[in-house]
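Biologist: Could we go through this structure together, step by step? I would like to begin with the overall layout and then turn to single residues.

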Amino acid sequence: MRHCATSRWRATGSGPVMPAFLFLKGFKMDLGIKGETALVVGASEGIGYESAKGLLEEGVNVLICSRNAEKLKSAAAQLEKSTGRNVRWYAADVTKAEEVAGLKTWIAKEAPSLDILVSAVGGSQRALFEE
């Protein structure tokens, strides 16, 4: 068993053991990704939005993308307000090849490289099991 002096929690051979109460006291983990660049697709709401927020809080440079430009612009503004970090955005439907090409061109201008990709796009079809 190792003891981590900086965060005061134990780690075993199988991974960290962190008491739940640490999260209630504002405990933050350092994922070691500060300064990296991420693209979060599907970031206008839900899991994509929260992923972008978490990455921004970790010090990652975040680019966000979604189909709906209005929702995306609003999400970027909310993320900037809540994290104090700059958020760049591009509206594109990643199910359409021509829009993916535009996204690729935009990314090449905005970031020299991408270190992290989060794809949180919906793609399921809702139907009854029998269908």
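Modeller: What follows is a conversation about the sheet, the helices, the cores and a few residues.

Biologist: What should I know before reading the values?

Modeller: This is a predicted model, in which local features need pLDDT of at least 70 and side-chain atom pairs count only at pLDDT 80 or more, while totals for chains, interfaces and linings use all residues. Residues are numbered from 1 along each chain as its sequence is written, and side-chain values use heavy atoms, with hydrogens and water left out.

Biologist: How many helices and strands does the protein chain have?

Modeller: The protein chain has four helices and seven strands. Helices (H or I, at least four residues) and strands (E, at least two) are DSSP runs, numbered from the N terminus. Along the sequence, their pattern is β-β-β-α-β-α-β-α-β-α-β.

Biologist: In what order do the four strands of the open sheet come?

Modeller: The order is S6-S5-S4-S7, with parallel pairing. Two strands pair if DSSP finds at least two bridges between them. Strand S6 (87-91) and strand S7 (116-119) stand at the edges with a single partner strand each, so one side of each has no neighbour in the sheet. From one strand to the next, the twist averages 15°; axes are lines fitted to C-alpha atoms, for helices over the stretch in contact, and angles run from 0 to 180 degrees between N-to-C directions.

Biologist: Over how many bridges do S4 and S5 pair?

Modeller: Strand S4 (residues 37-41) pairs with S5 over five bridges, in the parallel sense. Ala38 stands opposite Val62 of S5, and Asn61 in S5 is the bridge partner of Thr37. On to the next pair: S5 and S6 are also joined in the parallel sense over five bridges, with Cys65 opposite Tyr90 in S6.

Biologist: Which unit do S4, H2 and S5 make?

Modeller: They make a right-handed β-α-β unit. The chain then crosses from S5 through H3 to S6, again as a right-handed β-α-β crossover. Right-handed means that, with the strands pointing away from the viewer, the path from the first strand over the helix to the second runs clockwise.

Biologist: Which strands does helix H2 lie across?

Modeller: Helix H2 (residues 46-57) lies across S4, S5, S6 and S7, and runs at about 165° to S4. Helix H3 (residues 69-83) packs on the sheet and touches S5 and S6, its direction making about 170° with that of S6.

Biologist: New topic. How many residues has the largest nonpolar core?

Modeller: That core has 18 residues, and those with the most contacts inside it are Val40, Leu55, Val60, Val62, Ile64, Leu79 and Ile116. At least two of its residues come from each of S4, H2, S5, H3 and S7. Apart from it lies another core of nine residues, including Val41, Cys65, Ile107 and Ala111. A nonpolar core is a set of buried Ala, Val, Leu, Ile, Met, Phe, Trp, Tyr and Cys residues joined through side-chain atoms within 4.5 Å.

Biologist: Is Val41 buried or exposed?

Modeller: Val41, in strand S4, counts as buried because its relative accessibility is 7%, and buried means under 20% relative accessible area, exposed over 50%, partly exposed in between (1.4 Å probe, protein chains only). Val41 and Ala120 are 79 residues apart in sequence, with their C-alpha atoms 5.8 Å apart in space.

Biologist: And how many residues of S5 are buried?

Modeller: Five of the six residues of S5 are buried. Ser66 lies in this strand (residues 61-66) and counts as buried at 10% relative accessibility.

Biologist: With which side chain does the side chain of Ser66 make a polar contact?

Modeller: The partner is the side chain of Ser44, at 3.1 Å. A polar contact is a pair of N or O atoms within 3.5 Å; within protein, one must be able to donate a hydrogen and the other to accept it, and residues adjacent in sequence count only if both atoms are side-chain atoms.

Biologist: Where is Ser44 found?

Modeller: Ser44 is found in the loop between S4 and H2, and counts as buried at 14% relative accessibility. Leaving aside neighbours within four places in sequence, Ser44 is in contact (heavy atoms within 4.5 Å) with Tyr49, Ser66, Lys71, Leu72 and Ala75.
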